[in-house]
Amino acid sequence: MSLYIAVTVLTAIVTAVVAVADYIPAKFVLANSARVGVPQSWLPMLGTLKLAGALGLVAGLLGLRLIGVAAAVGLMLFFIGAVVAHVRVRVLSNIAFPGGYLLLSAASLVLATAH
């Protein structure tokens with residue numbers, strides 16, 4: 001399995017899992033969103049954006065390369081926003097989570113464009 005496939009599959013899976021947590025909504029999602037000032041009413045929309053990005057990455061793996069690239073860009077922008085939201089309110093104790101998703105999205109983009 002190529003590095004491109006492995007990183008992109010990992011990114012799609014972890015992003016889809018956290019999207020489902022937004023839909024439930026999981027207790028950790030509710031706690032985190034309250035800490036960074038994201039209204040609970042936004043969670044379904046945020047989950048939908050994450051899930052769309054995950055599905056777009058999979059579409060890219062299935063041959064729809066431009067959709068995969070667009071999904072990786074979208075996820076990067078989404079997680080840049082999440083990191084900014086954490087920094088803005090100085091909630092740095094768990095910034096590694098959106099930062100990690102951002103790095104995975106960036107790696108997926110770099111590998112997709114190099115593939």
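Predicted model: local features only at pLDDT ≥ 70, side-chain atom pairs only at ≥ 80, totals over all residues.
## Helix α1

Helix α1 covers residues 3–23. With 21 residues at 1.5 Å a residue, α1 should span 30 Å, and the distance between its end C-alpha atoms is 30 Å, so the two values agree.

The buried residues of α1 are Y4, V7, T8, T11, A12, T15, V18, A19, A21 and D22. Their cover includes α2 (27–36), α3, α4 (65–88) and α5.

## Helix α5

Helix α5 runs over residues 96–114. Its 19 residues should span 27 Å at 1.5 Å a residue; the end C-alpha atoms lie 26 Å apart, which agrees.

In α5, the buried positions are P98, G99, Y101, L102, S105, S108, L109 and A112. Helices α1, α3 and α4 are among the elements that cover them.

## Packing of α1 against α5

The axes of α1 and α5 come within 9 Å of each other and cross at roughly 145 degrees. The crossing is left-handed. On the α1 side, the contact is made by L3, Y4, V7, T8, L10, T11, V14, T15 and V18. The α5 side contributes Y101, L104, S105, A107, S108, L111 and A112. Sorted by class, this contact has 11 nonpolar residues, five polar residues and no charged ones.

## Lysine 50

K50 is located in helix α3, which covers residues 43–61. The relative accessibility of K50 is 9%, so K50 counts as buried, the cut-off being under 20%.

Apart from neighbours within four places in sequence, K50 is in contact with T15, V18, A19, D22, L75, F78 and F79.

## Aromatic pairs

Two aromatic pairs are found in the whole structure. One joins F78 to F79 in an edge-to-face arrangement, with 5.0 Å from centre to centre and 80 degrees between the planes.

F79 and Y101 are both buried. Through the ring pairs, F78, F79 and Y101 are linked into a cluster. Y101 is also one of the α5 residues that make the contact with α1, and F78 and F79 are among the contacts of K50.

## Backbone features in the loops

Most peptide bonds are trans, and most residues other than glycine have a negative phi. The peptide bond from I24 to P25 is cis, with omega near -25 degrees. P25 is placed in the loop between α1 and α2.

R90 is not a glycine, yet its phi is positive, at about 60 degrees. R90 sits in the loop between α4 and α5. With 72% relative accessibility, R90 counts as exposed.

Key:
Residues numbered from 1 in each chain as written. Heavy atoms only, no water. Axes fitted to C-alpha atoms, helices over the stretch in contact; angles between N-to-C directions. Helix = DSSP H or I, 4+ residues; strand = E, 2+ residues; numbered from the N terminus. Left-handed = near helix turned anticlockwise from the far one by under 90°. Contact = heavy atoms within 4.5 Å. Nonpolar A, V, L, I, M, F, W, Y, C, P; charged D, E, K, R; others polar. Buried < 20%, exposed > 50% of the residue type's maximum accessible area, 1.4 Å probe, protein only. Expected span 1.5 Å × (residues − 1). Phe/Tyr/Trp six-rings, centres within 6.5 Å; stacked < 30°, edge-to-face > 60°.
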